[in-house]
Amino acid sequence: RLGSVVAYFTSAKFLLYLGHALSTWGDRMWHFAVSVFLVELYGNSLLLTAVYGLVVAGSVLLLGAIIGDWVDKNSRLKVAQTSLVVQNASVILCGIILMVIFLFKMQLLTLYHGWLLTMCYILVITIANIANLASTATAITIQRDWIVVIAGEDRSKLADMNATIRRIDQLTNILAPVAVGQIMTFGSPMIGCGFISGWNLMSMCVEYLLLWKVYQKTPTLALKSAKVEESELKQLNVKTESDVKPAEGVQLIVEKDVTGFEPQQEKEISCGARIAEPFITFRDGWVAYYNQPVFLAGMGLAFLYMTVLGFDCITTGYAYTQGLSGSVLSLLMGASAVTGIMGTVAFTWLRRKCGLVRTGLISGVAQFACLVLCAVSVFMPGSPMDLTVSPFADISARLFESEPLPTIASPEDKPEVFFATGMPNLLNGSTTPANSDPEMSPEPVPLLSVSLLFAGVIAARVGLWSFDLTVTQLLQENVVESERGIINGVQNSMNYLLDLLHFIMVILAPNPEAFGLLVLISVSFVAMGHIMYFRFAQKTLGKQLFSCRTPDPKVSDSSPTGNTSTV
């Protein structure tokens with residue numbers, strides 16, 4: 001028994017979990033803290049935070065396919081180690097720059113009429129964006145590629161590993177911001193910068209070692225299949241043994257031996273061709289994504305990002321206008337994390353009982369059924385929805401008053417900024433909670449509407465995370481190995497595109513009276529996403545769509561051809 005315990009804690013699977021936990025903890029601390037830092041630096045304004053969110057989303061949207069293509073064309077260990085070092089080094093450098101700004105802000109403000117300070121802000125946002133791009137590359141290579149190789153042909157093992165990864169994400173998403181928030185509250189923002197920089201330095205060394213150990217314990221990670229393309233032949237001169245006969249159009253790249261060969265004589269490439277290469281990669285990535293058999297499933301997942309029905313800054317800002325306190329919202333966020341973990345458990349159980357594709361159908365129905373409560377809440381007592389009030393009234397008033405529009409923070413994983421700073425009430429443009437002044441606070445409003453809204457949001461997390469895991473595994477199983485990076489890069493771009501659209505929607509209708517309309521639009525987009533998935537499932541399973549059966553745990557029913565290796 002002791003031997004089996006030791007074997008588990010030294011297995012590649014556990015070491016991968018440990019490395020992911022360290023990486024995610026650092027990511028969540030940084031994503032939370034950087035928003036607070038930018039708000040603190042810019043005089044309690046959300047402008048820098050909004051700019052940062054826009055830059056991050058725009059960068060992944062434009063560069064997702066290119067990052068994925070880089071993942072595909074390089075060895076697994078090189079990609080993982082490079083993205084790890086770039087990500088952590090960028091965060092460390094950002095932390096040092098922020099510490100300098102906090103220490104010498106007044107001096108920087110007087111130099112060159114404040115332009116030097118502005119350049120520091122631009123530098124921080126740029127480096128933080130590089131860290132996020134490197135984090136995207138890490139997520140693609142570890143969660144979409146390494147995990148598939150480690151699981152091997154055992155699809156049940158792959159499902160369990162995916163679910164465990166999501167549970168780690170759920171826990172760190174709540175606990176990491178709380179930890180760094182306490183340090184910043186009882187210390188100072190500068191101490192918080194120093195702590196995060198130190199954590200990332202330590203974490204980078206440990207993660208680097210863990211990646212190497214996982215790579216050593218899984219020899220198949222050293223084998224990477226790739227399409228025989230002219231671009232790859234220009235970079236690698238791969239030597240294969242005479243008894244190895246790869247399938248037509250596929251070659252085996254033994255990663256650990258690649259560096260030992262001399263590169264082929266490269267033909268001269270024109271400057272124009274080099275400039276055009278990223279654009280061609282971008283185009284080819286989106287075309288390849290469209291041609292995937294799981295295209296509709298991926299689109300269905302992306303459409304779920306076009307929603308205000310999550311624990312992001314928009315919904316929490318609305319909750320403040322309805323009289324909910326920060327402590328209540330914190331408890332609700334904790335409940336949402338619990339239901340999210342329940343969703344990962346439901347995913348593994350449903351997959352064993354009904355198969356992967358049907359699990360997505362059941363999860364989608366469950367999520368939509370819960371979100372019906374949100375739609376009903378719009379018409380309940382206490383709802384501020386008033387369609388006679390123009391959604392653009394708030395914008396027009398501010399334009400005539402010559403005041404800047406309220407800005408929004410983009411990443412969904414940073415709602416805690418509102419609790420830590422106590423300032424953003426985005427929907428009415430104030431910098432303090434709606435109920436912060438007892439003398440000025442309005443009469444209490446009935447809580448039936450907001451209660452139904454959050455009951456639906458929290459309950460829907462079960463179906464949401466089960467559906468997310470379903471689509472994730474469909475992409476893992478049905479995308480050929482040589483295209484995993486670029487296809488998942490485009491999937492990330494689609495997710496960010498729909499996420500951007502939902503923030504634009506809020507900017508166009510920021511007043512509380514229009515929030516009910518945003519809820520109905522969000523429910524409609526979720527419904528459209530699940531309709532796309534239903535169409536995918538119908539194409540995949542045909543007449544067997546509603547015949548729930550117990551599948552072979554090592555055979556997936558996710559491939560439209562019935563054989564994932566031929567997709």
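A contact means heavy atoms within 4.5 Å. Of the contacts in the chain with a separation of 6 or more, 83% are between residues 24 or more positions apart. The model is predicted, so that local features need pLDDT of at least 70 and side-chain atom pairs count only at pLDDT 80 or more, while totals for chains, interfaces and linings use all residues. Residues are numbered from 1 along each chain as its sequence is written, and side-chain values use heavy atoms, with hydrogens and water left out.

**The chain as a whole**

The secondary structure consists of 20 helices and 2 strands; these are DSSP runs numbered from the N terminus, helices being H or I with at least four residues and strands E with at least two. The chain has 567 residues, and 52% of them are buried. Buried means under 20% relative accessible area, exposed over 50%, and partly exposed in between (1.4 Å probe, protein chains only). The accessible surface comes to about 25600 Å², with carbon and sulfur atoms contributing 66%; such areas come from the Shrake-Rupley method with a 1.4 Å probe, and for residues only the protein chains shown count as cover.

**Aromatic pairs**

Rings of Phe, Tyr and Trp (its six-membered ring) pair if their centres lie within 6.5 Å; planes under 30 degrees apart count as stacked, over 60 as edge-to-face and the rest as tilted.

| Pair | Centre to centre | Angle between planes | Class |
|---|---|---|---|
| Phe-9 and Phe-14 | 4.8 Å | 85° | edge-to-face |
| Trp-146 and Tyr-215 | 6.2 Å | 40° | tilted |

Trp-146 in helix α6 (residues 115-151) and Tyr-215 in helix α8 (residues 189-217) are 69 residues apart, so this pair links distant parts of the chain. Both Trp-146 and Tyr-215 are buried. Elsewhere, ring pairs join Phe-282, Trp-286, Tyr-289, Tyr-290 and Phe-295 into a cluster.

**Two residues in their surroundings**

Phe-9 lies in helix α1 (residues 2-9) and is partly exposed, because its relative accessible area is 44%.

Ser-59 belongs to helix α3 (residues 47-73). With a relative accessible area of 13%, Ser-59 is buried. Its side chain reaches the backbone oxygen of Val-55 at 2.7 Å. Leaving aside residues up to four places away in sequence, Ser-59 touches Gly-64, Asn-129 and Leu-133.

Technical notes:
A polar contact is a pair of N or O atoms within 3.5 Å; within protein, one must be able to donate a hydrogen and the other to accept it, and residues adjacent in sequence count only if both atoms are side-chain atoms.
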